Amino acid sequence: MPIKQQLKQSLIIAFWFMILTFPIMVIKVNTIQNIIVFRWFNLLWVGILTFFASLVWNYFLRRTEAGKKKDFEDDTPLIHRLLQNDRFRRPFLGLVAAFFIAYPFIFPMYHTSIMISALVYVMLGLGLNIVVGLAGLLDLGYVAFYAVGAYAYALLNLHFGLSFWVVLPLSALLGTLFGVLLGYPVLRLRGDYLAIVTLGFGEIIRIVLENWDEFSNGPRGIADIPAPTFFGHQFNQDNTMIYIYFIVIALVLMTIFFVHRLENSKIGRAWIALRDDEIACQAMGIDKFKTKLTAFALGATWAAMGGVIFAAKTSYINPMSFTIWESITILCVVVIGGMGSAIGVIAGALVLILLPEYLRAVAEYRMLVFGALQVIVMVFKPDGLIKSVRKVYTFKTSQEPQQEKIAHGTHT
Amino acid sequence: MEPILNVKNLTMKFGGLKALDDVSIAIEKGQIAALIGPNGAGKTTFFNCITGIYDPSMGDVQITPPGKSTQSLRGLKPNYVTERGVARTFQNIRLFHGMTVLENVMIGRHCRLSSGIIKAMLRPPSQREEEKKAVYDSYEILEKIGLDKYVNEMAVNLSYGAQRRLEIARAMATEPFLLLLDEPAAGMNPKETKELDDLILWLRDNENLTILLIEHDMKLVMSLSDRIHVVDYGKKIAEGNPQEIKANPEVIKAYLGEESDDA
């Protein structure tokens with residue numbers, strides 16, 4: 001686009017914003033003296049700022065589009081290239097490990113607490129990534145399984161005195177069971193219809209918890225949920241937080257480990273095939289229904305375990321923690337992080353959960369900045385922060401003996 | 001001997017429309033058979049009825065896999081049809097665009113692999129062995145079809161002709177005895193069509209496949225086919241070898257009439 005046209009476009013945008021923000025930026029009612037103050041200077045600022053912002057925006061937009069037209073060779077995200085390079089892989093992973101191990105000892109308790117929430121979202125994100133990112137099933141009621149886990153721990157502890165370590169595997173099974181139960185009737189639907197029905201299911205679980213007083217204590221919730229013990233030993237409050245922190249780290253590692261293995265297995269490939277083309281997928285001998293159900297059930301498994309951690313950490317739960325907004329946040333983690341990309345989802349969870357906490361500095365503009373960042377990511381990186389990369393297999397040429405043709409594929 | 005595919009009185013109704021009306025087709029083992037007819041004659045519907053995507057309104061589809069007894073495919077879901085050894089390709093290419101070429105073929109191996117979720121998570125030796133073999137088998141198929149240089153390329157980046165061949169490779173990976181090709185030459189240039197011609201003959205002779213294809217390229221159909229079935233408006237109007245079909249007045253009237261110069 002010629003420079004003259006760009007300037008013209010930015011001028012129009014600036015003018016449009018000046019009109020748009022006129023009522024809030026310019027007019028101010030002084031209620032004491034009952035007069036209206038017109039702050040014309042603000043109008044000027046809005047105009048100038050929008051003008052330049054629009055120029056910059058356009059510049060980057062054009063750069064992204066020009067980048068897309070180039071060959072496909074070098075669009076592997078930086079972090080994947082780091083992990084594939086044997087020289088950098090170990091030091092890089094070492095650094096990451098050292099950071100996460102030292103974290104609770106360096107930073108004050110408040111930061112550890114926030115990090116635990118973020119890591120729980122990593123688990124939730126990786127679980128939902130199976131459903132949305134890999135299998136392509138838009139699930140807006142994912143929070144229901146999170147609630148199942150949290151209430152499983154709270155109630156089993158309250159009534160039967162079961163400890164954290166007993167409930168954790170139980171809740172995983174319970175999550176799977178609920179995944180199958182809820183999945184069975186709704187998975188015949190797809191796309192938008194599935195999204196709406198799952199959204200309904202998520203709300204049903206919350207409303208049941210809110211109104212079935214005898215069962216769940218209703219909106220008053222359940223208090224005094226004990227923290228996990230270490231072979232019967234109960235830590236003091238600060239150490240409990242650190243302890244939970246390391247439990248979450250272990251669970252996140254386990255999640256990454258299993259999800260990565262699933263992704264590059266028969267079932268993982270079937271999920272992606274199902275996402276890409278349902279009919280072709282069936283024609284390749286894949287049972288559509290079974291494959292969808294396993295994705296739904298496995299996704300629910302991790303959500304339930306996340307719920308147990310949440311209950312143990314906050315020691316108090318009520319239905320208000322499991323609203324539709326929670327589902328949306330987890331979905332944002334997956335979409336902004338990068339659909340189908342485990343590393344992307346981890347990055348997405350850390351950014352999306354930690355950022356609002358640290359944006360408290362800009363107080364009332366917090367949500368505005370947060371929203372703007374999400375829009376920017378989606379415009380400039382539509383595949384998410386770190387997009388998924390498929391496993392690469394290496395083969396030697398066919399002249400060599402057949403058995404040796406396969407070298408091991410590098411893991412991504 | 002029983003025909004390998006025996007379709008009896010197949011009728012498919014969509015509301016008031018009869019897309020297929022009492023069509024019977026039998027295909028012998030080792031044949032290359034062609035199904036031709038003008039656009040909208042019901043050819044793809046016929047494929048969809050065999051492969052379980054549609055449940056036919058009336059009639060029966062029977063297969064006799066080599067060395068096994070005759071069985072009906074009617075009412076089976078598509079994945080079970082594939083499991084029983086009937087594979088297909090699609091008229092509008094339906095590859096998995098989020099996957100590499102190799103992974104596309106590995107999807108075809110899916111129904112021949114046994115490892116489940118637990119094994120995928122724990123990776124015992126049996127699963128590793130199976131996975132390695134799946135990679136190897138898939139690569140071998142790509143080598144045969146001539147796509148081995150693209151193994152790690154995303155399927156969507158291939159040329160049109162290569163995508164069509166990849167669809168055949170993927171269907172081959174399911175270990176079929178009967179291969180249904182829906183317009184395999186559509187959109188190919190003459191050189192690619194020639195290569196396809198060789199490939200189909202090779203598949204029949206070296207992989208012991210029976211092939212049924214839908215095709216509009218008359219040159220390809222006439223040179224390849226042992227037997228041609230013609231449908232028009234959902235009804236079968238003729239059957240015979242290429243010479244008989246070329247000479248059949250009803251076929252010329254319905255279909256070849258406009259195109260008899262090429263044929």
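**Reading the interfaces**

Author: Gladly! Chain A and chain B bury about 4000 Å² between them, and carbon and sulfur atoms give 62% of that area. Please keep in mind that this is a predicted model.

Reader: Why is an area quoted for an interface?

Author: The size of an interface is often given as the accessible area lost when the parts come together. A residue count is another way to describe the case here: 41 residues of chain A and 45 residues of chain B take part in the contact.

Reader: How many salt bridges and polar contacts cross between chain A and chain B?

Author: The rule finds three salt bridges across this interface. It also finds eight residue pairs in polar contact there, with both residues at pLDDT 80 or more.

Reader: Which elements of chain A give two or more residues to the side that touches chain B?

Author: They are α10 (237-263), α11 (266-276), α12 (278-283) and α13 (288-314) of chain A. The largest share comes from α11(A), with eight residues. Sorted by class, this side of chain A has 21 nonpolar, nine polar and 11 charged residues.

Reader: Now a single pair, please. What does Arg269(A) meet in a salt bridge?

Author: Its partner is Glu131(B), at 2.7 Å from N to O. Arg269(A) sits in helix α11 of chain A and Glu131(B) in helix α5 (residues 125-145) of chain B, so this pair joins two chains.

Reader: Which residue of chain A forms a salt bridge with Arg94(B)?

Author: That is Asp277(A), and the closest N and O atoms of the pair are 2.7 Å apart.

**Inside chain B**

Reader: Let me turn to one chain. How is chain B divided into domains?

Author: Domain 1 of chain B covers 5-85 + 176-259, and domain 2 covers 95-161. Taken over C-alpha atoms, the centres of these two domains are 28 Å apart. Their contact takes 10 residues from domain 1 and seven residues from domain 2.

Reader: What area is buried between the two domains of chain B?

Author: About 640 Å², with carbon and sulfur atoms giving 61% of it. On the domain 1 side, Glu83(B), Leu199(B) and Trp202(B) lose the most area to domain 2, together 44% of what that side buries.

Reader: Which polar features link the two domains of chain B?

Author: The count between them is one salt bridge, and the rule finds three residue pairs in polar contact, both residues at pLDDT 80 or more. The elements giving two or more residues to the domain 1 side are α2 (78-83) and α7 (190-206) of chain B. Of these, α7(B) provides the largest share, three residues. By class, the residues on this side are four nonpolar, three polar and three charged.

Reader: I also see Lys144(B). Which residue forms a salt bridge with Lys144(B)?

Author: Glu207(B) does, with the closest N and O atoms 3.3 Å apart.

**Salt bridges along a helix**

Reader: How should I read a salt bridge between two residues of one helix?

Author: Look at the spacing in sequence. Glu195(B) and Lys191(B) meet in a salt bridge at 3.4 Å, N to O. They are four residues apart in helix α7 of chain B, so about one helical turn separates them. Glu195(B) is partly exposed at 33% relative accessible area, whereas Lys191(B) counts as exposed at 59%.

Note on methods
Residues numbered from 1 in each chain as written. Chains lettered and ligands numbered in written order. Predicted model: local features only at pLDDT ≥ 70, side-chain atom pairs only at ≥ 80, totals over all residues. Heavy atoms only, no water. Domains from an automatic or database assignment. Contact = heavy atoms within 4.5 Å. Buried area = accessible area lost by both parts, 1.4 Å probe. Salt bridge = Lys/Arg side-chain N within 4 Å of Asp/Glu carboxyl O. Polar contact = N/O pair within 3.5 Å; in protein donor to acceptor, adjacent residues only side chain to side chain. Nonpolar A, V, L, I, M, F, W, Y, C, P; charged D, E, K, R; others polar. Buried < 20%, exposed > 50% of the residue type's maximum accessible area, 1.4 Å probe, protein only.
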